[in-house]
Amino acid sequence: MLYTLFAAISTAINLGAQMASMWIYGGPRAVEVSILVGTAAGLPLRYVLEKRFIFDFSSRSLVHDGQLFTLYSFMGVFTTLIFWSVEYAFHLAFGSASMRYAGAVVGLGIGFYVKYQLDKRYVFVSAPAARFP
């Protein structure tokens, strides 16, 4: 439930940032720019919330936290491609802002599910305990 709440908050931030971006900039590639802005807006908050409240993970140091954030972001590349593809497909298929945002919600939902699975398996994992013979 908590993950779903955080996903909903992140989705609201993403879509709000996209709408603000479209309001500020309406030039060439405005849709693509808004999608990028929305994605960047939600990433840091999601990282902090998921690390702390979903995975109950503590970094060993600031350097370790930076490495985790980098890996977390890298895993997000794959899921972001899912999200962007679905949103952009809705944009091309329907040609309206409301349907593009509906595509964003669908794409984000799929992406969040995949992202959770990747983070659980590869990002927020504790180092194996040292083995002594």
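**Notes on the rings, helices and loops**

1. Let's start with two phenylalanines: Phe-55 and Phe-124 are both buried. Keep in mind throughout that this is a predicted model. In the protein as a whole, 37% of the 133 residues are buried.

2. Now the overall layout. The protein has four helices and zero strands, and the order from the N terminus is simply α-α-α-α. If you draw a box around the C-alpha atoms along the principal axes, you get roughly 65 × 25 × 25 Å.

3. Next, the aromatics. Searching the whole structure turns up 11 aromatic pairs. Take Tyr-47 and Phe-69: the ring centres are 5.0 Å apart and the planes sit at 80 degrees, so this one is edge-to-face. Tyr-47 belongs to helix α2 (residues 30–54) and Phe-69 to helix α3 (residues 62–94), so the pair ties together parts that are 22 residues apart in sequence. As for accessibility, Tyr-47 counts as buried at 4%, while Phe-69 counts as partly exposed at 28%.

4. Back to the two phenylalanines from point 1. How do the rings of Phe-55 and Phe-124 pair up? Their centres are 4.8 Å apart and their planes are at 20 degrees, so they are stacked; the cut-off for that is under 30 degrees. Phe-55 comes from the loop between α2 and α3, and Phe-124 from the segment after α4 (97–123), so here the pair ties together parts 69 residues apart in sequence.

5. Ring pairs join Tyr-3, Tyr-47, Phe-55, Phe-57, Phe-69, Tyr-72, Tyr-116 and Phe-124 into a cluster. One member, Tyr-72, also has a lysine over its face: Lys-115, at 3.3 Å from the ring centre. Have a look at that spot when you colour the cluster.

6. On to helix packing. The axes of α3 and α4 come within 8 Å and cross at roughly 155 degrees. The two helices are therefore roughly antiparallel to each other, and α3 passes α4 in a right-handed crossing. Sorted by class, the residues in the contact of α3 with α4 are 19 nonpolar, six polar and four charged.

7. The α1 and α4 packing deserves a separate check. Here the axes are 10 Å apart and the angle is about 140 degrees. Why call α1 and α4 oblique rather than roughly antiparallel? Roughly antiparallel needs an angle over 145 degrees, and α1 and α4 pack at about 140 degrees, so they are oblique to each other. This crossing is right-handed.

8. Now for a backbone check in the loops. Most residues other than glycine have a negative phi. Arg-29 has a positive phi of about 65 degrees although it is not a glycine. You'll find Arg-29 in the loop between α1 (2–24) and α2, where it is exposed, with a relative accessible area of 58%. Asp-56 is another non-glycine residue with a positive phi, near 45 degrees. Asp-56 sits in the loop between α2 and α3 and counts as exposed at 63% relative accessibility.

9. Pro-28 is also in the loop between α1 and α2. Is Pro-28 buried or exposed? Pro-28 is exposed, with a relative accessible area of 67%.

10. Last, a contrast between sequence and space. Lys-120 and Ile-54 are 66 residues apart in sequence, yet their C-alpha atoms are 9.6 Å apart in space. Lys-120 is in helix α4 and is partly exposed, with a relative accessible area of 37%.

Note on methods. Residues are numbered from 1 along each chain as its sequence is written. This is a predicted model: local features need pLDDT of at least 70, side-chain atom pairs count only at pLDDT 80 or more; totals for chains, interfaces and linings use all residues. Side-chain values use heavy atoms; hydrogens and water are left out. Rings of Phe, Tyr and Trp (its six-membered ring) pair if their centres lie within 6.5 Å; planes under 30 degrees apart count as stacked, over 60 as edge-to-face and the rest as tilted. Buried means under 20% relative accessible area, exposed over 50%, partly exposed in between (1.4 Å probe, protein chains only). A charge sits over a ring if NZ of Lys or CZ of Arg is within 6 Å of the ring centre and within 35 degrees of the ring normal. Axes are lines fitted to C-alpha atoms, for helices over the stretch in contact, and angles run from 0 to 180 degrees between N-to-C directions. Angles under 35 degrees count as roughly parallel, over 145 as roughly antiparallel, 65 to 115 as roughly perpendicular and the rest as oblique. A crossing is left-handed if the near helix is turned anticlockwise from the far one by less than a right angle, and right-handed if clockwise. Ala, Val, Leu, Ile, Met, Phe, Trp, Tyr, Cys and Pro count as nonpolar, Asp, Glu, Lys and Arg as charged, and the others, Gly among them, as polar.
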